[in-house]
Amino acid sequence: MILQNKTILIMGIRNKWSIAYGVAKAASEQGAKLCFTFMGEDNRPKIEELISEFEGAKAYTCDASIDSDIEELYKKIKADIGKIDGIVHCIAHAFTEDLHNDFIETSKEGYSHAVDVSAYTMVAVARLAKEADVLNENASLVALTYHGSTKVLPGYNVMGVAKAALECSIRYLADNLGPSGIRINAVSAGPIKTLSAKGIKDFNSILDVVEEKAPLRRNVTKEQVGNTVAFMLSSMSDAITGQIVYADSGYNIMG
């Protein structure tokens, strides 16, 4: 098992349909111990039931857009668990109207919100983890992204801009974290029916296009993306940093 004796923090789990859940399943099957963050203390019973299948898993509330929340999170993790070996950033949000309207109608508030939550939080998570000394030697950080960062995909709108900012941030963070032996990459997942995806107009048509045009002629599952993330967290990928790794049945290579 490639994550045996490693502890992984998965940030932003919501439900069993989320990519974060697929990551958790894959990491657990590869031997990892898990801890999670979620939004809103009122969601704790639901989240604790969701993660109950992962032995010894712990759940912490954290709003990653607030630095003090991240700082408090790391203090609790160090007290409860000690240092960790990896962080998976599964955090993104945009206002519904900014996904349904034309991109040109994006408000300044909506633009700032999407980039702050979906991209800057990765910067804050990485910086504060380093400052808190919560990461073990050779730790690996992984974020989730999507092909809408590089191509215009109908309905993705401001989230595409936010993911582009996230991917560029990954490269700069890799340069900053590398001297400390810490790696950071992103996995660009193909479209998956998650709760977040329901906010994208005509999402089913995107699934149909991937099935038609991707070299493998199929969409991906959250479990397949989870397996890719597990590999990126493991020592088997220890020569890889600053990269955007596609797990999309090859769709991104097609013209």
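**Entry 1: the model**
I am working with a predicted model.

**Entry 2: strand S6**
I began with strand S6, residues 183-189, and asked how many of its residues are buried. I found that 7 of the 7 are, so the strand is largely enclosed by the rest of the structure. Buried here means under 20% relative accessible area.

Next I looked at the two faces. In a regular strand the side chains alternate between the two faces of the sheet. On one side of S6 I noted Arg 183, Asn 185, Val 187 and Ala 189, and on the other Ile 184, Ala 186 and Ser 188; all are buried, and both faces are covered.

**Entry 3: the neighbours of S6**
Which strands pair with S6? I found S5 (residues 135-145), which is parallel to S6 and joined to it over 6 bridges. One pair I looked up is Val 142 with its bridge partner in S6, Asn 185. Between S5 and S6 the chain passes through helix H6 (residues 157-177), and this β-α-β crossover is right-handed.

Strand S7 (residues 244-247) also runs parallel to S6, with 4 bridges joining them. Here Ala 186 has Ile 244 in S7 as its bridge partner.

**Entry 4: a pocket**
Rolling a probe the size of a water molecule over the atoms shows where empty space is left. I looked up the second largest pocket, which has a volume of about 160 Å³. Its lining has 13 residues, and those nearest the centre are Gly 148, Lys 151, Val 152, Leu 153 and Asn 157. By class I noted 6 nonpolar, 6 polar and 1 charged residues in the lining.

**Entry 5: salt bridges**
Side chains of opposite charge can pair when their charged atoms come close. The structure holds 7 salt bridges, and I looked up some of them.

Asp 67 and Arg 127 meet in one, at 3.0 Å from N to O. Asp 67 lies in helix H3 and Arg 127 in helix H5, so the pair ties together parts that are 60 residues apart in sequence. Both count as partly exposed, Asp 67 at 29% relative accessibility and Arg 127 at 30%.

Lys 83 and Asp 133 form another, at 3.2 Å from N to O. Lys 83 is in the loop between H3 and strand S4, and Asp 133 is in the loop between H5 and S5, so this pair links parts 50 residues apart in sequence. Salt bridges that share partners also join Glu 41, Arg 44 and Glu 48 into one network. Within it, the closest N and O atoms of Arg 44 and Glu 41 are 2.5 Å apart.

Notes
Residues numbered from 1 in each chain as written. Predicted model: local features only at pLDDT ≥ 70, side-chain atom pairs only at ≥ 80, totals over all residues. Heavy atoms only, no water. Buried < 20%, exposed > 50% of the residue type's maximum accessible area, 1.4 Å probe, protein only. Helix = DSSP H or I, 4+ residues; strand = E, 2+ residues; numbered from the N terminus. Pairing = 2+ DSSP bridges. Right-handed = clockwise from strand over helix to strand, strands pointing away. 1 Å grid on protein atoms, 1.4 Å probe; cavity = no way out; pocket = protein on both sides within 12 Å on 5 of 7 lines; lining within 4 Å. Points joined across faces, edges and corners; volume = space filled by probe spheres on them. Nonpolar A, V, L, I, M, F, W, Y, C, P; charged D, E, K, R; others polar. Salt bridge = Lys/Arg side-chain N within 4 Å of Asp/Glu carboxyl O.
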